[in-house]
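Keep the structure open while you read.

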Amino acid sequence: MKTNNNFWRTFIPSSFRLFIFSCFVFFSCEAPEQWHEAKDSVAPGDVKIVRVENINGGARILYTLPADNDLLGAKVRYSLTEGGEKLERYCSAHFDGFNTEGYGEVDTLEIDGYGNTDKRTVTVFAVDKSDNLSKGITVEIEPDVPAIEMMRSTLATSSTFGGVKTEWKNEMKKDMAISLYTPDSITGEPVLFDTYFSNDFIGKYVFRSFESVPTNFHIEMRDRWDNYSEPFDTVITPLFEQQIFGKIDNVNIWSHLGLDDGTWADHGDLSNKPLLWVANAYTWILWDNRVQPNDDQPAPGWVYHGWSFTMDDWIPGSTSPTSWPLYLTIDMGRKSVLSRFNFTNRLRNPTYSSDIPIDFEIWGTNDPKPITPGDRLGNLSYWTSWSEAGGTDAWKNDWVKLANCKLVLSSGESKYRAGMALSADDMERCTTERGWDFDMDEGVSTPFRYVRFVIKDTNTGAKMFSLVEFRFWGAYAD
């Protein structure tokens, strides 16, 4: 703002102006001295320990502070190993208690990192606002069993398709890692194969890509401070697994059920037709072995767009919007026991903004019910749950559910939203042929020839999806 100098000259006498200036200078020079509390070198009194509560991997120390007027709080000094680096944690004077966790569960102040139940001592100090420390009180703690050892006690392994399945319970939801080692082919020494990180309450991971031969597996679990549990050694023969290809030597093995005789619409299946701007969006694109995510341009940038804007594809003349769920039925040509499924999505900017299934089911059968000629609504009543067709989903009584699949990002989210942050793992799945993996339900060992997808939601909410490739693994029955 521009100052009106005439105001000062006209309305305020010069002698009074000098007085105002002198006061301003006086107070502006003296004020900084009053804004800071005086420092001293007087140590505060010690804290008084009320009690020590040992917890999993640590201890909770309760105390009262001394009566000093300038207390800042308390701090605990400790080391993770005998003679190791000295670490410190602070607690405000506004709260008389802190956790020596890492010892264990977070409460007010953590000391994390101990991996056993050995007795040890820590020192608790009072701290004042001049950073003076009290003499310190030595406290003995004896942590309960660390979280990583509790996880190790629940670890179980089993044979699965192409590898070994590991399961454990992480009741405290602590960050942990589980690593699998296999023997070196020459020396026989354990060599790291892969590591999986988790903090899930129920931990589960499958290490794959192994032959179906007896294999020595060495498993290690560790926490965020590199405390290792007892190793786990086992011998497991992975179940035989191979990719179930939909196209071999440029010949389609799979086919869209009902495409040849035109009955796909009676099944309620997604249409096998070009999208308005994509002349090659046919269902066989989903198994053409072009796996790398792409955005339609150029070929082999081919994407299958499962879509229909209205119910007219199935109920001629209907102008109702397409209903959930979407259906797609595939004849795989041969019977196989399926172990897992994978798809790769269309690339789009922003990443993860293309229409991707996030909630869907996979069903199997060897004997799909024949279509009744000339009875479109009757067929749709059996094959769908759509209210427009009086749908009952009665076909599910004749099929077996193989998997209930949900796509969940590292953040726990599934829906796309503008500006959302994606982890490195999510970015890799979206942009490379690694794609998204879904295991078949355990206990389903029957080989099936036909699979049916029931898509209940997408990440954008759009009643369509854009995918590059379907892939199945398992074992052929013949």
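## Aromatic pairs and backbone exceptions

Trp-395 is buried, with a relative accessible area of 0%. The model is a predicted one. Tyr-327 is buried too, with a relative accessible area of 0%.

The count of aromatic pairs comes to 29. Tyr-327 and Trp-395 make one of them: their ring centres are 6.4 Å apart and their planes stand at 80 degrees, so the pair is edge-to-face. Tyr-327 lies in strand 20 (residues 326–345), and Trp-395 lies in the loop between helix 4 (376–383) and strand 22 (400–406), so the pair ties together parts that are 68 residues apart in sequence.

Phe-341 and Phe-470 form an edge-to-face aromatic pair, 5.1 Å centre to centre, with 80 degrees between the planes. This pair also links distant parts of the chain. Phe-341 is in strand 20, Phe-470 is in strand 25 (residues 465–476), and 129 residues separate them. Both Phe-341 and Phe-470 are buried.

The charged end of Arg-452 is over the ring of Trp-395, 4.6 Å from the ring centre. The charged end of Arg-334 is over the ring of Tyr-476, 3.8 Å from the ring centre.

Now the backbone. Most residues other than glycine have a negative phi, and most peptide bonds are trans. The table lists exceptions.

| Residue(s) | Feature | Value |
|---|---|---|
| Trp-324 and Pro-325 | cis peptide bond | omega about -5 degrees |
| Asn-349 and Pro-350 | cis peptide bond | omega about 0 degrees |
| Asn-289 | positive phi, not a glycine | phi about 70 degrees |
| Tyr-352 | positive phi, not a glycine | phi about 75 degrees |

Where do these sites fall? Pro-325 is in the loop between strand 19 (304–306) and strand 20. Pro-350 is in the loop between strand 20 and strand 21 (357–365). Tyr-352 lies in the loop between strand 20 and strand 21. Asn-289 lies in the loop between strand 18 (255–256) and strand 19.

Asn-289 is partly exposed, at 38%.

How values were computed: Residues numbered from 1 in each chain as written. Predicted model: local features only at pLDDT ≥ 70, side-chain atom pairs only at ≥ 80, totals over all residues. Heavy atoms only, no water. Phe/Tyr/Trp six-rings, centres within 6.5 Å; stacked < 30°, edge-to-face > 60°. Helix = DSSP H or I, 4+ residues; strand = E, 2+ residues; numbered from the N terminus. Buried < 20%, exposed > 50% of the residue type's maximum accessible area, 1.4 Å probe, protein only. Lys NZ or Arg CZ within 6 Å of the ring centre and 35° of its normal.
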